[in-house]
Amino acid sequence: MSVATHWGSFTAVVDSGRLVRIEPRRDDPAPSPIGPGMVVAADDSARVLRPAVRRGWLNGEPRARGAARGSDAFVEVSWDRAITLVSDELRRVRSQHGDGAVFGGSYGWASAGRFHHAQGQLHRFLALGGGYTDSRNTYSTAALEVILPHVIGGHPWSYQTRMPLWDEVAENCELVVAFGGLALKNSRVNPGGLARHRTRDLQRRCREAGVRFVNISPLRSDTAGFLDAEWLPLVPNTDTAAMLGVAHTMLVNGWHDEDFLRRCCVGFDRFAAYLVGELDGTPKDAAWAAGITGAGRDAITDLARRLTTHRSLITVNYAVQRADHGEQPIWMSVVLAAMAGSMGRPGCGWGAGHATMDATGVARGRPSVATIPEVPNPVPGFIPVARIADALLHPGEVIDYDGRRLTLPELRLIYWCGGNPFHHHQDLHRLARAWQVPDTVVVHEAWWNTTAKFADIVLPVATGLERDDFAAGFADPHLLAMPKVREPAGESRTDHRVFAALAARLGFEREFTESRSEADWVRHLYERTRAQLGDAALPGFDDFWRASTAELPASTGPFPGSFEALRSDPRRFPLPTPSGRIEVFSAEIDSFGYDDCAGHPKWFEPAEWLRAGLADRFPLHLISNQPAARLHSQYDNGGHSLGTKIRGREPVTINPSDAAARGIGSGMVVRVHNDRGSCLAGAVLSDDVMPGVVQLSTGAWWDPVQPGLSGTLDRHGNPNALTADRPCSRLSQGPSALSALVEVEPYDGPLPDVLAFTPPDLVPPG
Ligand SMILES: Nc1nc2c(c(=O)[nH]1)N[C@H]1C(S)=C(S)[C@@H](COP(=O)(O)OP(=O)(O)OC[C@H]3O[C@@H](n4cnc5c(=O)[nH]c(N)nc54)[C@H](O)[C@@H]3O)O[C@H]1N2
Ligand SMILES: Nc1nc2c(c(=O)[nH]1)N[C@H]1C(S)=C(S)[C@@H](COP(=O)(O)OP(=O)(O)OC[C@H]3O[C@@H](n4cnc5c(=O)[nH]c(N)nc54)[C@H](O)[C@@H]3O)O[C@H]1N2
Ligand SMILES: [Mo]
């Protein structure tokens, strides 16, 4: 039977209802090893088998005091009782505190599937029930999503259809300069699923066509070996300074594309004045950039020369903007590409996120595919996604966001479905404190991960293997059948079935289900897609289900906002910005008057970086990048991720010179720490990491020794025990996970057992 996941398509081998194996599909040239490992997790001891309620909550103990969430035992209850508790509490909170007191922002990747999409189901349910406070933007690219509409205009994600594809790079481009690299591990996934992994072979094609690659990153391994990339490691978070140094060199040598800047951009003069130091007396020249970034002066000058004498592409990944002032490297990369002379030329110019997902740089899009229908949310208020702890700790406070003033709402009930905040949020100690504030936390989960342990009511849900659905990934031209491979574990139910039961209790079941069964919905959404495309474009549902895949017709656009069109005739093809051109200077951003985001790209010192005073005590920069072995925290309990652990801990990679200076040997358990917290991890020594940097991937389930104690040791290795909950700037309020300093030392205390995958104390139903 076919299996569709965010990390690819597989085949499940099932024997009398039992899941035996998950195998890669033969037509996938680069299948992800995450798939086969899913079997280990399907029935592990961490599965949530019955609805469960935190003991203190059930006893009606004061909710806003103490630190019971995260350490209490749970009482298992019947589904009927659980549905009563949740529906009564929703009714109480709505009537006493208003609909905006219900937080349904519920960020997270959930699972593939057009119908059983966790957030889609939750939002539909909460909107029909009166509304909810939502969240805006993503943990992935909040800074990019807010800055790009000012600079190049259009939808925050429209850059994905406006940047060159690998094929076009292979054909037209000579030099790719990648800020943050092009890590193939990241192209293992694609949101919503994918039929085949294509990035590796397309990158190979570029190399075979003679394209040269420069990997600007703290990790050599951020480009594949076969690309033979030149490695230019920079002090982390200094990309903007490097780009400014390159830009200055272009400008003073007259190598920049004056014609394009004049016709197709606005405000270059204002920026140039900053570049040469007219106002602050500091020219942002190659020597200045070298002093900040640690890259040699010649390397900066050389980049300027090569970028302007070759058909070049500047691409920037997402990690560089998940940092303090993360808006700047994105904005500056656009400006640098505009100066370099290749902007708007086929296969060249500028891009973001090449290789961060399989489809980015592979395809521009696919036709639209129906999903669980949205219902307008009657509550207009929202929070920037990463400001959740702020909202809980400081309701009523007013914050800036993209030129607006937002009042943080008072949240009384948190409803999370399809995400894992106790993996994804920065400074988990602060989140754990904030989490004690609301009256009630409801979580739908399949496993007793940290977020489930920090809830009041946990409702066990079926996984993507345990329900019928179909998938369609971002920019992937396939529909993929997702037949139920096995029955839901224990008493777990689909999210939809839970919401339907709650809606029935609250009096809007018909509106929620539209009187369709789950099977009817899946068929209905497929048939709607088919009708939209013209019936001939796709087979009937039964044929599709038998074949398990169907090819979508090619997506022909339109893809507005093209830089090629802009270059050809900026009057006829203006960009959707206020000036109709690329905004090197944005009068709008300038008018906001922010001290942490000016009217043009600018170098701001990060709060934490290797040249900060704090580095005296914490001299290593923590790179908490995406994990190769799982999707964030998903399937950390799967066979593949478990197999990468070192004495049960998440691996942390450190340069041999830094390890030697600290007496750290390969395979040793170490303690990574700073003023916010500490975690254990297993040491890996490698020259692939530049000196001064340690790399610890995200997603190991947070395993605090004392969940209520701020700064408590994490036994397992989640980097968010160490990161800062600090917004990028007042403009985007995005997360800045990649700006954190730490120290590492051998851990010679008695090794505590990892309890991340052990359920809390469960009191069986009485
Ligand atoms: N330090 C640091 N932190 C980071 C980042 C970083 O670079 N550094 N990166 C950030 C980024 S880019 C992201 S996108 C976030 C990711 O953060 P998340 O998207 O929250 O992480 P996931 O592990 O994918 O969490 C998905 C959760 O949904 C559950 N789930 C899966 N399917 C279903 C379903 O059908 N129904 C329900 N109810 N639940 C389901 C899974 O069990 C899992 O617990 O992390 C962010 N955090
Ligand atoms: N296997 C796998 N793939 C994934 C995911 C996953 O969980 N697992 N998550 C997906 C998601 S949600 C997202 S948003 C994307 C994220 O895509 P990215 O944000 O691009 O991915 P990361 O792995 O966080 O970072 C890539 C590299 O950026 C480099 N880097 C970090 N800081 C800096 C810096 O200051 N300067 C420079 N020049 N480089 C820096 C690091 O060396 C890191 O390895 O990945 C997606 N792909
Ligand atoms: Mo992400």
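**Pockets, ligands and buried residues**

Tutor: The second largest pocket holds about 400 Å³ of space. Of its 21 lining residues, those closest to its centre are Lys185, Ala628, Thr653, Gln695 and Ser697. The model is predicted, so local features need pLDDT of at least 70 and side-chain atom pairs count only at pLDDT 80 or more, while totals for chains, interfaces and linings use all residues. Residues are numbered from 1 along each chain as its sequence is written, chains are lettered from A and ligands numbered from 1 in the order in which they are written, and side-chain values use heavy atoms, with hydrogens and water left out.

Student: What is a pocket?

Tutor: Rolling a probe the size of a water molecule over the atoms shows where empty space is left. On a 1 Å grid over the protein atoms alone, a pocket is an open set of points where a 1.4 Å probe fits, with protein on both sides within 12 Å along at least five of seven lines; lining residues have an atom within 4 Å of a point. The volume is the space filled by probe spheres set on the points, which are joined across faces, edges and corners.

Student: Which classes of residue form the lining of the second largest pocket?

Tutor: The lining has 7 nonpolar, 9 polar and 5 charged residues. Here Ala, Val, Leu, Ile, Met, Phe, Trp, Tyr, Cys and Pro count as nonpolar, Asp, Glu, Lys and Arg as charged, and the others, Gly among them, as polar.

Student: How many residues surround ligand 1?

Tutor: A residue belongs to the surroundings if one of its heavy atoms lies within 4 Å of the molecule. For ligand 1 there are 33, and the closest are Ser111, His424, Glu445, Ser633 and Asn720. By class, this shell has 10 nonpolar, 19 polar and 4 charged residues. Helix 16 (421–424) and strand 18 (440–445) each supply at least two of its residues; helices (H or I, at least four residues) and strands (E, at least two) are DSSP runs, numbered from the N terminus.

Student: Is Gln426 buried or exposed?

Tutor: Buried means under 20% relative accessible area, exposed over 50%, and partly exposed in between (1.4 Å probe, protein chains only). Gln426 has a relative accessible area of 5%, and therefore counts as buried. This residue is found in the loop between helix 16 and helix 17 (428–434). The side chain of Gln426 has an N or O atom 3.1 Å from a nitrogen atom of ligand 1, and a polar contact of 3.3 Å joins the side chains of Gln426 and Asn720.

Student: Which residues are closest to ligand 2?

Tutor: Of the 30 residues that surround ligand 2, the closest are Lys185, Asp222, Asn237, Asp239 and His632. A backbone N or O atom of Asn237 is 2.7 Å from an oxygen atom of ligand 2.

Notes
A polar contact is a pair of N or O atoms within 3.5 Å; within protein, one must be able to donate a hydrogen and the other to accept it, and residues adjacent in sequence count only if both atoms are side-chain atoms.
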